[in-house]
Amino acid sequence: MIDSLLNRYLRMLILSFMAIASLAGCVTVEDNAAQPLRTTIVMAGDLSGLSTSATTFSWHPELHRIITDKRLDPQQVSQHMQNVLKQTLQAKGYRFVEDPQLADFQVGFGVAMGTEMSDAQILAVAGLVAGLSTEGVNTQKYDKGTVLIALFKPIGVQGGNDLIWRVLAQGFGNVEKIDELTTNFDSLIDSMLTNLPLVNVTP
């Protein structure tokens, strides 16, 4: 039943990213009250669905969508997202492989920045939303961003391409200060993957 619901949400997520963007989660983990750099992180799924012997990952073939306004280059954001994900996962002991058939799990992601997708749209599509409030934030200076990372079983195994776990974060950033935005973004990705287990590698 749970797998069926997760797969149904996954289909909605992918279809919505194709059209605009779709991001969701379910359990609030962090809500830093500091203004305006507070973030909210939510997650769904069960990391126990990730094999204890999993050491390799590849990119999901469909879930890799970037939604931004003209101030940011989607291709550059996508490449940066992949670089940061690789670095973060490799720091945990995982190894990237190009061939998805050789990977123990696949990683999908999405980024929506600015007003390209509202919380109401996210809620309408997925039924869940992080819901980071803009109260007290100078929205003329800071943009609200949403980031989704999702892990899937690889195609070719039993239950292949099933959604295992996903994490969504919302935070604020100043697009006009790209170095600051990049630093905060990289730190956020690291926080989002905190619960992912370390690989037990024997020296």
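User: What lies over the face of Phe 96, and at what distance from the ring centre?

Analyst: In this predicted model, Lys 86 lies over the face of Phe 96, at 4.1 Å from the ring centre. A charge of this kind has to be within 6 Å of the ring centre, and the value for Lys 86 is 4.1 Å.

User: How many aromatic pairs does the structure hold, and what makes the pair of Phe 57 and Trp 59 edge-to-face?

Analyst: The structure holds six aromatic pairs. In the pair of Phe 57 and Trp 59, the ring centres are 6.0 Å apart and the planes stand at 70°. Two rings pair when their centres lie within 6.5 Å, and planes over 60 degrees apart count as edge-to-face. The rings of Phe 57 and Trp 59 are therefore an edge-to-face pair.

User: Why is the pair of Phe 57 and Phe 105 called stacked?

Analyst: The centres of these two rings are also 6.0 Å apart, but their planes meet at 25°. Planes under 30 degrees apart count as stacked, so Phe 57 and Phe 105 form a stacked pair.

User: What makes Phe 57 and Phe 105 a pair that ties together parts of the chain?

Analyst: Phe 57 belongs to strand β3 (residues 56-67), while Phe 105 belongs to strand β5 (residues 105-113). The pair therefore ties together parts that are 48 residues apart in sequence.

User: Are Phe 57, Phe 105 and Trp 59 buried or exposed?

Analyst: The limit for a buried residue is under 20% relative accessible area. Phe 57 has a value of 0% and counts as buried. Phe 105, at 0%, counts as buried too. Trp 59 has 18%, so Trp 59 is likewise buried.

User: Which residues do the ring pairs link into a cluster?

Analyst: The cluster consists of Phe 57, Trp 59, Tyr 94, Phe 96, Phe 105 and Phe 109. Phe 96 is the residue whose face has Lys 86 over it.

User: Which residues have the most contacts inside the largest nonpolar core, and which elements give two or more residues to this core?

Analyst: The largest nonpolar core has 37 residues, and those with the most contacts inside it are Met 81, Leu 85, Val 107, Ile 149, Ile 189 and Met 192. Two or more residues come from each of β2 (39-45), β3, α2 (74-91), β5, β6 (143-152), β7 (163-173) and α4 (178-192). Leu 85 touches, among others, Trp 59, Val 107, Phe 109 and Ile 149. Another core, of seven residues, lies apart from the largest one and includes Val 42, Leu 63, Phe 152 and Leu 168.

User: How do you know that β6 is mostly covered?

Analyst: In β6, 10 of its 10 residues are buried. In a regular strand, the side chains alternate between the two faces of the sheet. On one side of β6 are Asp 143, Gly 145, Val 147, Ile 149 and Leu 151, and on the other are Lys 144, Thr 146, Leu 148, Ala 150 and Phe 152; all are buried, and both faces are covered.

User: In what sense does β6 pair with β7, and how many bridges join β5 to β6?

Analyst: β6 and β7 pair in the antiparallel sense over 10 bridges, and Phe 152 stands opposite Leu 163 in β7. Eight bridges join β5 to β6, and these strands run antiparallel. Gly 108 stands opposite Ala 150 in β6. At least two bridges are needed for a pair, so the 10 bridges of β6 and β7 and the eight of β5 and β6 meet the requirement.

User: Why are Asn 83 and Asp 186 called partly exposed?

Analyst: Partly exposed residues fall between the 20% limit for buried and the 50% limit for exposed. Asn 83, in helix α2, has a relative accessible area of 33% and is therefore partly exposed. Asp 186, in helix α4, has 28% and is placed in that class as well.

User: Which residues does Asp 186 touch?

Analyst: Leaving aside residues up to four places away in sequence, Asp 186 touches His 80 and Val 84.

Conventions: Residues numbered from 1 in each chain as written. Predicted model: local features only at pLDDT ≥ 70, side-chain atom pairs only at ≥ 80, totals over all residues. Heavy atoms only, no water. Buried < 20%, exposed > 50% of the residue type's maximum accessible area, 1.4 Å probe, protein only. Helix = DSSP H or I, 4+ residues; strand = E, 2+ residues; numbered from the N terminus. Lys NZ or Arg CZ within 6 Å of the ring centre and 35° of its normal. Core = buried A, V, L, I, M, F, W, Y, C linked by side-chain atoms within 4.5 Å. Contact = heavy atoms within 4.5 Å.
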